[in-house]
Amino acid sequence: MYEFDWSSIPGALPFLWEGMKVSLEITLTAVVFGIVWGTALAMMRLSSVKPLAFFAASYVNLFRAIPLVMVLLWFFLIVPQLLKSFLSLDPNTDVRLTSAMVGFALFESAYYSEIIRAGIQSVPKGQVAAASALGMSYAQAMRLVVLPQAFRNMVPLLLTQAIVLFQDTSLVYVSALADFFGAAYKVGDRDGRLVELLLFAGAVYFAICFAASQLVRRYQKKLNAHVAH
Amino acid sequence: MISIENVSKHYGSFQVLTDCTAQVKKGEVIVVCGPSGSGKSTLIKCVNGLEPFQAGSITVNGVSVGDPKTNLSKLRSHVGMVFQHFELFPHMSITDNLAIAQVKVLGRSREQAMDKGLKLLDRVGLKAHAGKFPGQLSGGQQQRVAIARALAMDPICMLFDEPTSALDPEMINEVLDVMVELAREGMTMMCVTHEMGFARKVANRVIFMDQGRIVEDDSKDAFFGSPRSERARQFLARILSH
């Protein structure tokens, strides 16, 4: 029978917290950038300007057709080299965090843009007509009338995607970056307590994601109650 | 005020409007009626450029709607439009619905816009609902807010696209009353509606459309008294027997 020994965890907590900060940092950057760039992509895709629509569609289809882990590896292998040569950085500068953030952000934008596109399309066409009839430009109609309604409908989906994203940040272990999962792995490896550390990490991921999805569900209920008026 | 000259429109090979010509003078109230699918809503949406058209020309107050050089947003900002499904902005309070375009399009101050909005809200009898959201009002109330929203822009004319067809019967009159009052004040109006009572009360002329063509354009007395075309006679017989 395997003897569990949890004693290496308390001492490793500060190190694990550093890892958690990396995970959260990547998640936050990717969510913010993903929503901004995703909105731009969604609007391009819905635009009547053909080249823009084509670009956005290609971008989304490309990123949705390749595994995240591969994107991360590319960014880990290629982007640091490019950054270093372009910005003439010291070859020893650690750009793994930046490249992980960029990789995640670009990848997640493709998913966010699909959520946002559906959100924009869920706003009745008459709303744009009404805004236009009041003399608003297309940009004003989008900004003041369509997007606020679209985002309000989308918040649960956007947050759910953020939860998935948070779990996916564990994939940065491929670049040996010490995110929360990477940190747990390192500690477990060092102390020969891999099973305990991975169980612990799993429990932490579960606790955070479960709590977050409960919050999303509660928000969604509130939203539905509001719409039902 | 509004001049529609030989306007035609098609979606692909489907002809929606054929050679439509009509004039609306300042202060006139024109009712556009006809069976569904006759192109009346499309025609009225061409007037403020919400629907493009392929042939002919429309000028509003001397400005050509079809001309690509025309600043359509500017033109629309002083042509009021009321829609069948109200199209209030559901994420804004009633006061914000009334104020937003005044502030963002006409550049009025927020106080000015609020002030004007509240006055108009009072006029359509809904002052007590100022702080509510559109979803909390009945259809008739929403449509009255929509009329107030259009009036807040100080329009030179008003377009109504079936303003009562999405309403329950008991709410139709509260909206028509507002429209009648507006007509009596001398607002230039073009109304797509099946409300023949409204037409009898305030219309100067009635335009009857069928299959994308303007079949009759006559004074209301002539239209209701002795419609010239067989199609209009049938339409009137059916709608009045309701």
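A nonpolar core is a set of buried Ala, Val, Leu, Ile, Met, Phe, Trp, Tyr and Cys residues joined through side-chain atoms within 4.5 Å, where buried means under 20% relative accessible area, exposed over 50% and partly exposed in between (1.4 Å probe, protein chains only). This is a predicted model, in which local features need pLDDT of at least 70 and side-chain atom pairs count only at pLDDT 80 or more, while totals for chains, interfaces and linings use all residues. Residues are numbered from 1 along each chain as its sequence is written, chains are lettered from A in the order in which they are written, and side-chain values use heavy atoms, leaving out hydrogens and water.

**View 1. The largest nonpolar core has 49 residues.** The members that touch the most others are B:Ile147, B:Met158, B:Phe160, B:Met179, B:Met189 and B:Phe198. Helix 6 (residues 169-184) of chain B gives the most to this core, nine residues; helices (H or I, at least four residues) and strands (E, at least two) are DSSP runs, numbered from the N terminus. A second, separate core of 41 residues includes A:Leu144 and B:Val7.

**View 2. Contacts of B:Ile147 (heavy atoms within 4.5 Å).** Leaving aside residues up to four places away in sequence, B:Ile147 touches B:Val82, B:Met158, B:Phe160, B:Val175, B:Val178, B:Met179 and B:Leu182.

**View 3. An open sheet of four strands in chain B has the order 2-1-4-5 with antiparallel pairing.** Two strands pair if DSSP finds at least two bridges between them. Strand 2 (14-24) and strand 5 (63-64) each have a single partner strand, so one side of each lacks a neighbour in the sheet. Five bridges join strand 1 (residues 2-11) to strand 4 (residues 55-60), and B:Ser57 in strand 4 is the bridge partner of B:Glu5.
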